[in-house]
Amino acid sequence: IYRSNPPDVLKNAVLQVPDFAEASRAHLWPAYFSLFLRKPLGLGVEYFPSLAIKFMGEPKGPHNTPLEILAYGGTLALPGFFSFLWLAFKNIFNELKRDGYAIPLYLLASLIGLIVASFFDNMSTFRLMWILIGLAIFYGEGNPISRNRSLNRFS
């Protein structure tokens with residue numbers, strides 16, 4: 001860093017176009033779907049992801065969270081995952097309609113970003129996604145935080 005010339009670094013960064021073509025998903029998605037069709041109850045949640053499919057000699061996950069849950073958890077796990085998402089979004093939208101506070105809006109934006117990212121990455125082991133889903137489910141009706149917004153309720 002200390003020996004680099006900033007104009008040269010900038011010129012190299014602008015002139016070198018990164019290669020965004022990543023061919024593994026075009027191979028992995030059909031392979032994992034056919035794996036699901038062979039085992040509709042899934043491989044099991046303890047199945048090591050990188051043992052299922054290899055791409056160019058390297059073990060890879062499916063790079064798609066719903067497909068990953070379908071392949072490892074089977075036909076019973078995917079509806080469970082979508083029910084968690086449905087409950088999380090339902091609770092957030094109910095809170096937004098009722099109060100319109102910033103916290104549900106932050107949770108909504110975070111969940112939407114993670115859901116979009118989950119279609120292109122393995123997110124089932126990403127703990128932050130599960131924490132956000134849990135916060136969104138908890139933040140709905142019936143919890144003490146959303147029912148009583150007053151900070152002076154204990155005084």
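Which residues does Phe-81 touch, not counting residues up to four places away in sequence?

## Contacts of Phe-81

In this predicted model, Phe-81 touches Thr-65, Ile-69, Met-129, Trp-130 and Ile-133 once residues up to four places away in sequence are set aside. Phe-81 counts as buried, because its relative accessibility is 4%.

## Nonpolar cores

The largest nonpolar core has 20 residues, and Phe-81 is among those with the most contacts inside it, together with Ile-92, Leu-111, Met-129 and Ile-133. Helices α3, α4 (77–98), α5 (102–118) and α6 (127–138) each supply at least two residues of this core, and the largest share, six residues, comes from α4. A second, separate core of seven residues includes Leu-28, Leu-35, Ala-71 and Tyr-72.

## Aromatic pairs

The structure holds five aromatic pairs. One of them joins Tyr-32 and Tyr-72 edge-to-face, at 6.2 Å centre to centre with 80° between the planes; since Tyr-32 lies in helix α2 (residues 24–38) and Tyr-72 in helix α3, the pair ties together parts that are 40 residues apart in sequence. Tyr-32 counts as buried at 0% relative accessibility, as does Tyr-72 at 7%.

Phe-81 and Trp-130 also form an edge-to-face pair, at 5.7 Å centre to centre and 70° between the planes, which links helix α4 to helix α6 across 49 residues. Trp-130 is partly exposed, with a relative accessible area of 32%, and ring pairs link Phe-81, Phe-82 and Trp-130 into a cluster.

## A buried loop residue

Asn-64 lies in the loop between β2 (58–60) and α3 (65–73), yet counts as buried at 11% relative accessibility. The side chain of Asn-64 reaches the backbone nitrogen of Leu-67 at 3.2 Å.

Methods:
Residues are numbered from 1 along each chain as its sequence is written. Side-chain values use heavy atoms; hydrogens and water are left out. Helices (H or I, at least four residues) and strands (E, at least two) are DSSP runs, numbered from the N terminus. Buried means under 20% relative accessible area, exposed over 50%, partly exposed in between (1.4 Å probe, protein chains only). A polar contact is a pair of N or O atoms within 3.5 Å; within protein, one must be able to donate a hydrogen and the other to accept it, and residues adjacent in sequence count only if both atoms are side-chain atoms. A nonpolar core is a set of buried Ala, Val, Leu, Ile, Met, Phe, Trp, Tyr and Cys residues joined through side-chain atoms within 4.5 Å. Contact means heavy atoms within 4.5 Å. Rings of Phe, Tyr and Trp (its six-membered ring) pair if their centres lie within 6.5 Å; planes under 30 degrees apart count as stacked, over 60 as edge-to-face and the rest as tilted.
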